[in-house]
Every structure is written in C-alpha cells, then in structure tokens.
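Trainee: Could we go through this model together? I would like to understand its fold, its packing and its charged pairs.

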Amino acid sequence: MSVRATTQHRQPMAYVRAQATPGNWLRDYGQPIKCLNTKRGPSLQSLLEPTWMRDAICSSVDPELWFQESDTSSARRAISLCHECPVRAMCLASALVFREEYGISGGLTPSQRRPLEGRLMRGHALGDVLSAGLRRRTQTDQQGAA
C-alpha cells in the first residue's frame, strides 16, 4: 500500500490563535487588525498592493540584514537604511496592520512596534499611530547624535 493511500488529504485551515507554549500565544499572523481605523493613514487596499514595495531599499539588500539581533551593528545598519527609504511609512504601516512578528520594518524592531500595534487594536487612527512611530525613531536618533 502506498503512503499516499494511507494519509488523509487535509483541507487548508484558517490560522487561528493557539497557545504555542505556556504564556506564548501565536497571533493572527498576516491578518489585518480587526476593526482597523485607517483615518489619516494608508488604506488597507493600498497596503495589500505590492507596488509600493518596489521602491524599498531592502529589495536590493540581503534580506538577512533585517533579521539580526536588535542591538548589533547589522541591525543598526538596517535601521539606518530604513531611515533613507522612500517607502518607510508604508512599510511601518504594513508591519503594524499585519502585526509582523519578526525583523526590522519601517525602522523599528518588533519590540518597538508592539505598543503601536496595541494602540491600533484599541481603535486609534492609523495615521496618528504611524506618525508617532516615525517620530519616535527620529527622536531617538537625534538624542544619540547629541
């Protein structure tokens, strides 16, 4: 009897929240935040369109650079490249709306994005949260230069 005959064909399942380990919950990865308030920010449809990604600096750099430990020279280089990127705001908006769990996006690490995601989940306007995220990183850079 073949292996194929003994295994069942599984139907694709929607990703559901489940507990991976005690205290560590898997999230609705790739799903936009429910009841998203897109006021003063990009629309959900514009975030789903891949055209904005073509102008991203990261599209021409080794992808591993964006997935380094937070406090390394490689991570700092990735963050500085993000600050020069013409689509930084769209990248950060996408990472926040779709709750990207890993890597540097829009010049922020996952731990820097978590409070901003929380604000979006509480109904704050995407434009306001996005402005705060972009401003937060710029203030940190200015303090480091002083």
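The conversation below goes from the overall fold to the packing and then to individual residues.

Mentor: Please note that this is a predicted model, in which local features need pLDDT of at least 70 and side-chain atom pairs count only at pLDDT 80 or more, while totals for chains, interfaces and linings use all residues. Residues are numbered from 1 along each chain as its sequence is written, and side-chain values use heavy atoms, with hydrogens and water left out.

Trainee: Understood. How many helices and strands does the protein chain have?

Mentor: The protein chain has 6 helices and 2 strands. These elements are DSSP runs numbered from the N terminus, with helices being H or I of at least four residues and strands being E of at least two. Along the sequence the pattern reads α-β-β-α-α-α-α-α.

Trainee: And what percentage of the residues count as buried?

Mentor: Of the 146 residues of the protein chain, 35% count as buried. Buried means under 20% relative accessible area, exposed means over 50%, and partly exposed lies in between, using a 1.4 Å probe and protein chains only.

Trainee: What about contacts between residues at least 6 apart in sequence?

Mentor: Among those contacts in the protein chain, 58% join residues at least 24 apart. Contact here means heavy atoms within 4.5 Å.

Trainee: Let us turn to the core. Which residues of the largest nonpolar core touch the most other members?

Mentor: They are L47, L96, V97, L116 and L120, out of 21 residues in that core. Helices α4 (88–97), α5 and α6 each supply at least two residues of this core. The largest share, 6 residues, comes from α4. A nonpolar core is a set of buried Ala, Val, Leu, Ile, Met, Phe, Trp, Tyr and Cys residues joined through side-chain atoms within 4.5 Å.

Trainee: Take L120, then. What does L120 touch?

Mentor: Not counting residues up to four places away in sequence, L120 touches I33, L36, L96, V97, A125, L126 and V129. There is also a second, separate core of 8 residues, which includes L65, L81, C82 and I104.

Trainee: How do α4 and α5 pack, in terms of angle?

Mentor: The two helices pack at an angle of about 70 degrees, with their axes 9 Å apart. Axes are lines fitted to C-alpha atoms, for helices over the stretch in contact, and angles run from 0 to 180 degrees between N-to-C directions. α4 and α5 are therefore roughly perpendicular to each other; that label covers 65 to 115 degrees, whereas angles under 35 count as roughly parallel, over 145 as roughly antiparallel and the rest as oblique.

Trainee: How many salt bridges does the structure hold?

Mentor: The structure holds 3 salt bridges. In one of them, R40 pairs with D128, with the closest N and O atoms 2.6 Å apart. This pair links distant parts of the chain, 88 residues apart: R40 is in the loop between β2 (24–25) and α2 (44–48), and D128 is in helix α6 (residues 126–145). R40 is exposed, with a relative accessible area of 57%, and D128 is partly exposed at 34%. D71 also forms a salt bridge with R76, at 3.0 Å between the closest N and O atoms. D71 is exposed at 66%, and R76 is partly exposed at 46%.

Trainee: Where does R99 lie, and is R99 buried or exposed?

Mentor: R99 lies in the loop between α4 and α5 and is buried, with a relative accessible area of 11%. T109 lies in the loop between α4 and α5 as well, and T109 is buried at 6%. Not counting residues up to four places away in sequence, T109 touches S70, I79, G103 and I104.

Technical notes:
Salt bridge = Lys/Arg side-chain N within 4 Å of Asp/Glu carboxyl O.
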